[in-house]
Structures are given as C-alpha cells and as structure tokens.
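Hi,

Here is the structure I said I would pass on.

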Amino acid sequence: MIQAERGRRVVAGGRTLGVEDRRDRLRELGELFRQFRKRTGLTGKELAQRAGVAQPTISRMETGRLLPTPETVDRVSAALGLDEVSRGELDALLARLRDEVSRLKGGLAGREAANAARVRGARSVTVFSSAMVPALLQTAEYARLAVAIGRDVDEEDAAKAAAVRVEAQAVLFDAGREFAFVLTEGAVRTWPGSPSLMPAQLDRLAQVATLPHVRVGVVPWRVEAPAFPLHGFTVFDGTVSVVEGLVGDVTLTDPAEIVAHEEAFEAFAGAAVYGDALRELLGEIGADYQMLASRLEK
C-alpha cells in the first residue's frame, strides 16, 4: 500500500488556510496518482486513453496543477484498477484537499460547503454525538442556531451556512448509501435558543430513523455509559474521522485512530435504543420540553 501522510492530523477552521497549503496537498495528490500509474506500468498517454480523458489532464494531475473532478477520479481509478485500500487512501486525501479548497473561500458557509462535499463523496457515514444533534439530522431552526450560537459571526454568513447545512441533508434519501447515528440523551436534551423548537427536532429524528438505510439510536441516561463520551466524531467510509471542535475540525486518518473511533461507536451503539423504544424515549423527552417551554413562558 502506498502511504500518503498516514496518520497526519489536519486542523481546519482554527487557522487561515493559505495557497501554499493547497499547493502542497495538490503535489501530494499528484505524486500519489503518479505512483499508482507507475505501479500498473502504464504511461501517461496509455492511462489517458484507458480512462477516456485528455492526456494533459493526467499530466496536470500528476504535477499537482489540477484538482480533478469526482468523475475524472472515478475514470482514472477504474483505469488503474485500484483496490479498495488504495481507493480509500486516495479518497481520504481528496476529501482533505477539497475541504481545504472550500474553506479558502472563507466563512461559515464555506465550511458547511466543504462538509457537504465530504458527505456527498462518502458511501458510508457513521456519526457519534454527545453534545448536540448531528448536522445531517438538524431542522432548519436548530441548524440556524447551531452555526451561530455562542460565536461572533456575520448574520448573513450564518444564514447561508445554515441553508447549506439543511440542503446537504438530501443525501440521506440516497438508498445507495449507509448512515448510522448514535447520540447520547444529553445531546438530545441540550437545546439552543428555546425549548419550544425541540419537539420538531425530535420529530425529525424519529422520521429519519424510519429510512431503511439509516440507523438512529439514542443512549438513555438510565443506561450505564460504556465510556466517557469526551467528544463526537464522524467516520467516512472507515478511512477518515472528523472531530468537530470549538475552533475548527480535526481530520484523522491514522488506522489506529479510526479503529478506536469505530470501537467507541459500537460500544455506544450497543447501549442505545432503536425503533419503538427510541420513539418512546423521544416522546418522553418531547413532553419534558413542552413542560419546560410552558414554565418559561409564564
């Protein structure tokens, strides 16, 4: 297997990503493509013909002067006969690069666009959340508050970011993908803005949980926690895990770290409730929110 900065942590959102960051990552991507091609014994011209793309496209990719489109990546990967491990390595690097390029556009909306692109590029998404409802499951009102609350942000930028976040949720209805969400009850009981918006948010969780390719579970307070839920994370295709922090996201690609997150997810998933038990729990929490909202309104 060809190594591409295996184990490197990439922090985005907490600092300004510059042009040099993008150039370095493009060169790294180009070298990876070049090594894959040489391993097959193909020339650049032969690869271009086999993939059905222009020969200059292959040259620009390998010299780090072009970020290929997803369609081009699929064509070249098929022509190279990449195995699952090699394609996963390539996709992990592409996800990081597209994330950095999107963030160069600036603002919360750019960050949300990068996150949406990463989700669209994945076939399997596994999410654990101990503090809030995950972005893919948020109602529009919850999303608007989630991107802005407690932060000094531009209102217009925050509104655009929330809209991008909600639009990205359309991927949930793609039956060709798999989604798994596990939340702690604490995440569901933490409310932004007003408790009156939470019943609709709970209904959203219950509705998404009915999709056959989406699994949603909540770990009740009454169940002993299998570990301390120090932070949430999202694993994409078993190759990349993203930890969302207060000042930016941390992207992990080390196999040992990915395994640790997957094991933690399975532990919490084993303690969660699903189906009818989930709906019953959400109903109880919803009733508590209604009582709280009534009390606060007096």
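Predicted model: local features only at pLDDT ≥ 70, side-chain atom pairs only at ≥ 80, totals over all residues.

Let's start with helix α11, residues 255-271. The helix has 17 residues, and from its first C-alpha to its last it reaches 25 Å, close to the 24 Å expected at 1.5 Å a residue. Which of its residues are buried? The list is E257, I258, H261, F265, F268, A269 and A271. They sit on the same side of α11, because the arc they cover around the axis is only 160°. The other side has exposed residues, namely A256, E263, E266 and G270. If you wonder about the spacing, an α-helix has 3.6 residues a turn, so residues three or four places apart point the same way.

What do the buried residues of α11 pack against? They meet a whole set of strands: β2 (124-129), β3 (178-184), β4 (214-219), β5 (233-236), β6 (240-244) and β7 (249-252). At the N-terminal end of α11 there is a cap from D254, with a side-chain oxygen 2.8 Å from the backbone nitrogen of A256.

Now the rings. The count of aromatic pairs comes to three. One of them is F128 with F233, a tilted pair at 5.6 Å centre to centre and with 40° between the planes. Since F128 belongs to strand β2 and F233 to strand β5, the pair ties together parts that are 105 residues apart in sequence. Are these two buried or exposed? F128 has 2% relative accessibility, so it counts as buried, and F233 is buried as well, at 5%. Ring pairs also bring in F268, which forms a cluster with F128 and F233. That is the F268 from the buried residues of α11.

R189 lies over the face of W221, 5.0 Å from the ring centre. R215 lies over the face of Y274, and there the distance to the ring centre is 4.1 Å.

Back in strand β5, T234 is worth a look too. Its relative accessible area is 17%, so T234 is buried. Leaving out residues up to four places away in sequence, T234 touches V125, T126, V127, V240, S241 and V242.

L296, in helix α12 (residues 275-297), is another matter. With 52% relative accessibility, L296 counts as exposed. What does L296 touch, if residues up to four places away in sequence are not counted? The answer is W191 and P195. P195 is 101 residues from L296 along the chain, yet their C-alpha atoms are separated by 9.0 Å.

Last, there is helix α2 (residues 44-51). Its buried residues include G44, L47, A48 and A51. These cover an arc of only 100° around the axis, which means they lie on the same side of α2. The face turned away from that buried side carries K45, Q49 and R50, which are exposed.

Cheers

Technical notes. Residues numbered from 1 in each chain as written. Heavy atoms only, no water. Helix = DSSP H or I, 4+ residues; strand = E, 2+ residues; numbered from the N terminus. Expected span 1.5 Å × (residues − 1). Buried < 20%, exposed > 50% of the residue type's maximum accessible area, 1.4 Å probe, protein only. Arc of directions from axis to C-beta. Contact = heavy atoms within 4.5 Å. Polar contact = N/O pair within 3.5 Å; in protein donor to acceptor, adjacent residues only side chain to side chain. Phe/Tyr/Trp six-rings, centres within 6.5 Å; stacked < 30°, edge-to-face > 60°. Lys NZ or Arg CZ within 6 Å of the ring centre and 35° of its normal.
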